[in-house]
Amino acid sequence: MYKCGAYPVIEKTAISAGIYSYEILCPEIAELSKPGQFVHIKIDGFTLRRPISICDIDYKNGSLRIVFEIRGQGTAKLTSLNVGDNIDMIAPLGKGFTLPDNLHPNNRVLLVGGGIGVPPLLAIAKTMKESATAILGFRSYDKIILAGDFKSADAHVIPCTDDGSVGFHGAVTIPLAQELSKGDVTKVYACGPEAMLKAVIDECENAGVSSEVSLEERMGCGVGACVVCACETERGMARVCKDGPVFDGKEVYKSLGRKGAFL
């Protein structure tokens with residue numbers, strides 16, 4: 001079930017160069033939303049809506065938080081909205097993450113994010129709290145986003161940077177393997193570049209731990225009608241907007257990583 005309407009922006013923040021955070025008051029949408037789902041936003045002057053992952057859900061106050069990066073004229077235009085302006089959106093859309101109902105006190109979940117793939121994982125951290133360990137990868141110190149939010153959610157945070165300017169120097173898969181080797185991880189959730197996701201699934205398979213990954217594809221309708229966002233899965237072709245964006249890692253493994261290697 002999803003809703004469509006215009007909802008007011010109640011907070012706007014530039015959290016890094018070209019990356020913005022909006023909090024949107026939408027009680028009827030927040031009530032229906034789950035971590036991993038997305039909103040589909042209409043931007044004045046553009047025909048197609050823009051899909052943006054839900055970063056956080058405030059069920060008590062009835063608001064959603066989205067965090068997005070300027071990637072073209074549409075998202076650049078979106079940043080012209082300010083507090084008090086309305087955002088025209090359809091939400092919540094897609095299939096979100098499957099969270100464990102009863103996690104044993106001695107078990108953990110791992111959240112693995114790369115760059116702008118980090119925001120969809122924050123809502124999981126706020127739900128799982130100290131049971132979550134977030135391994136967050138960025139190019140450099142100045143590209144880090146939301147690390148403080150994960151810490152505020154009581155998650156353990158392992159920052160990784162390509163240039164070694166902060167945290168672990170290298171790919172997220174190395175600390176991921178180290179955390180998996182401890183034997184107390186129940187599930188891994190990941191969002192980021194496709195090659196990174198494939199490497200994450202590999203590590204999970206080696207450790208015998210299940211994974212869920214959130215995919216990114218260009219979308220038209222956002223509700224499964226136009227099939228623009230079709231992707232290959234073990235069960236055949238699927239629609240990222242409706243059958244995803246979250247999939248079981250093994251289900252989409254073969255279709256990932258075709259855009260380049262992740263070392």
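This report walks through the sheet, helices, nonpolar cores and salt bridges of a predicted model.

## The sheet

Let's start with the sheet. Seven strands form an open sheet with mixed pairing, in the order β10-β9-β8-β7-β11-β12-β15. Its edge strands are β10 and β15 (246-248), each of which pairs on one side only. Strands pair through backbone hydrogen bonds, either parallel or antiparallel. Here, β7 and β8 run parallel and are joined by six bridges.

Helix α5 lies across β7, β8, β9, β10 and β11, and runs at about 175° to β7. Helix α6 packs on the sheet too, where it touches β7, β11 and β12; its direction makes about 170° with that of β11.

Which residues of α5 are buried? They are Thr173, Pro175, Leu176, Glu179 and Leu180. Seen down the helix axis, these buried residues fall within an arc of 160°, so they line one face of α5. An α-helix has 3.6 residues a turn, so residues three or four places apart point the same way. The cover over the buried residues of α5 includes β7, β8 (132-138), β9, β10 (168-169), β11 and α6.

In soluble globular proteins, nonpolar side chains tend to be buried together. The largest nonpolar core of this model has 31 residues, and those with the most contacts inside it are Val112, Leu176, Val188, Val200 and Leu215. Two or more residues each come from β6 (86-93), β7 (108-114), β9 (156-161), α5 (173-180), β11 (185-191) and α6 (194-207). The element that gives the most to this core is α6, with five residues.

Leaving out residues up to four places away in sequence, Leu215 touches Leu197, Cys231, Val240, Pro245, Phe247, Val252 and Leu256. Another core lies apart from the largest one; it has 25 residues, among them Ile124, Ile145, Ala155 and Val246.

## Salt bridges

Side chains of opposite charge can pair when their charged atoms come close. How many salt bridges are found in the whole structure? The search finds 11. Arg71 takes part in a salt bridge with Glu69 at 3.5 Å, N to O, and in one with Glu216 at 2.7 Å. Arg71 lies in the loop between β5 (63-69) and α2 (73-78), while Glu216 lies in the loop between β12 (210-214) and β13 (230-233), so this pair ties together parts that are 145 residues apart in sequence. Both Arg71 and Glu216 are exposed, whereas Glu69 is partly exposed, with a relative accessible area of 29%.

Glu251 and Arg235 form a salt bridge as well, with their closest N and O atoms 2.5 Å apart. This pair links distant parts of the chain, with Glu251 in helix α7 (residues 249-252) and Arg235 in the loop between β13 and β14 (236-239). Glu251 is buried at 14% relative accessible area, but Arg235 is exposed at 71%. Elsewhere, salt bridges that share partners join Arg108, Glu179, Lys182 and Asp184 into one network.

## A look at Asp184

Asp184, a member of that network, sits in the loop between α5 and β11. Is Asp184 buried or exposed? Its relative accessibility is 19%, so Asp184 counts as buried, the cut-off being under 20%. Neighbours within four places in sequence aside, Asp184 is in contact with Asn106, Asn107, Arg108 and Glu179.

Methods: Residues numbered from 1 in each chain as written. Predicted model: local features only at pLDDT ≥ 70, side-chain atom pairs only at ≥ 80, totals over all residues. Heavy atoms only, no water. Salt bridge = Lys/Arg side-chain N within 4 Å of Asp/Glu carboxyl O. Buried < 20%, exposed > 50% of the residue type's maximum accessible area, 1.4 Å probe, protein only. Helix = DSSP H or I, 4+ residues; strand = E, 2+ residues; numbered from the N terminus. Core = buried A, V, L, I, M, F, W, Y, C linked by side-chain atoms within 4.5 Å. Contact = heavy atoms within 4.5 Å. Arc of directions from axis to C-beta. Pairing = 2+ DSSP bridges. Axes fitted to C-alpha atoms, helices over the stretch in contact; angles between N-to-C directions.
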